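I opened a new entry for this model. I wanted to go from the overall fold down to single side chains.

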Amino acid sequence: KDMAESAYRDAVAEIGPGQTKLTEGWKVLGLSKETATSIFEETKRLGFLSRQELFVKDEKDMQAAARAEEEKFRKELIESVDKDGNLIDPDSDVDPDKLITDEDLDKEIEDDDDDDAPTSGGAKECGNCGYTLFIAKGREGRFFSSGFTCPQCGSGRDQFKDIEVDL
């Protein structure tokens, strides 16, 4: 059933806009007229985009939402915390030199990105307790960020050294 609905959705999207009646083929696929109508109307509402085009659109929408959320966070941070990490009282005067700027945040992000540069081999060993961490290629920044601590002994990221592991 799911395959039939998917095939019909693809057929409707491929024919594209300008259709005034149900796309042919729904009976052959074993779909009810109600199901075919529902799929047709949904595909029409989405602009007759293929699944791949919908995926790309969704991905772009998610990226745009993430950028908007980041901008909102940056604005809130700039308005609420000074360079020393102290909360800003909105009703008091603050030394302009102590206010965080966009440039400060950009520099902090660049510095953080440098810390998360890919490592060789994908394995790291804690110099304190010997705990071995296997990191998937391309995921170093997510799972071995600057705030990482050893799950076994609590040592900081700086205690981990690259190691080569034969699997």
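For the fold pattern I took helices as DSSP runs of H or I with at least four residues, and strands as E runs of at least two, numbered from the N terminus. The model is predicted.

**Entry 1: the overall picture**

I first read off the secondary structure. The protein has 5 helices and 3 strands. Along the sequence they follow the pattern α-α-α-α-β-β-α-β. Next I looked up burial. Of the 167 residues, 23% are buried. The exposed surface comes to about 12200 Å². Carbon and sulfur atoms supply 51% of that surface.

**Entry 2: helix H1**

I checked the length of H1 against expectation. Its 14 residues should span 20 Å at 1.5 Å a residue. Which residues of H1 are buried? I found Ala4, Glu5, Ser6, Tyr8, Val12 and Ala13. What do the buried residues of H1 pack against? They pack against H2 and H3. After H1 comes glycine 16, and its phi is positive, near 85°.

**Entry 3: glutamine 19**

I stayed in this region and moved on to the loop between H1 and helix H2 (33-45), where glutamine 19 lies. Is glutamine 19 buried or exposed? Its relative accessibility is 14%, so glutamine 19 counts as buried. I then followed its side chain. It reaches the backbone oxygen of valine 12 at 3.0 Å. A polar atom of the glutamine 19 side chain also lies 2.6 Å from the backbone oxygen of glycine 16. Valine 12 is one of the buried residues of H1. I set aside neighbours within four places in sequence and listed the remaining contacts. Glutamine 19 touches Val12, Phe40 and Phe48.

**Entry 4: salt bridges**

Side chains of opposite charge can pair when their charged atoms come close. I used a cut-off of 4 Å between a Lys or Arg side-chain nitrogen and an Asp or Glu carboxyl oxygen. The count comes to 5 salt bridges. I noted some of them here.

I began with lysine 1 and glutamate 5. Their closest N and O atoms are 3.9 Å apart. Lysine 1 is exposed, at 74% relative accessibility. Glutamate 5 is buried, with a relative accessible area of 17%.

Next I looked at aspartate 10 and arginine 51. Here the closest N and O atoms are 2.4 Å apart. Aspartate 10 is partly exposed, at 27% relative accessible area. Arginine 51 is partly exposed too, at 47%.

The next pair was lysine 57 and aspartate 61. Their side chains meet in a salt bridge at 3.0 Å, N to O. Why are lysine 57 and aspartate 61 separated by about one helical turn? They are 4 residues apart in helix H3. An α-helix has 3.6 residues a turn, so residues three or four places apart point the same way. Lysine 57 is partly exposed, with a relative accessible area of 39%. Aspartate 61 is partly exposed, at 40% relative accessibility.

Technical notes
Residues are numbered from 1 along each chain as its sequence is written. This is a predicted model: local features need pLDDT of at least 70, side-chain atom pairs count only at pLDDT 80 or more; totals for chains, interfaces and linings use all residues. Side-chain values use heavy atoms; hydrogens and water are left out. Buried means under 20% relative accessible area, exposed over 50%, partly exposed in between (1.4 Å probe, protein chains only). A polar contact is a pair of N or O atoms within 3.5 Å; within protein, one must be able to donate a hydrogen and the other to accept it, and residues adjacent in sequence count only if both atoms are side-chain atoms. Contact means heavy atoms within 4.5 Å. The expected span of a helix is 1.5 Å times one less than its number of residues. Accessible areas come from the Shrake-Rupley method with a 1.4 Å probe; for residues, only the protein chains shown count as cover.
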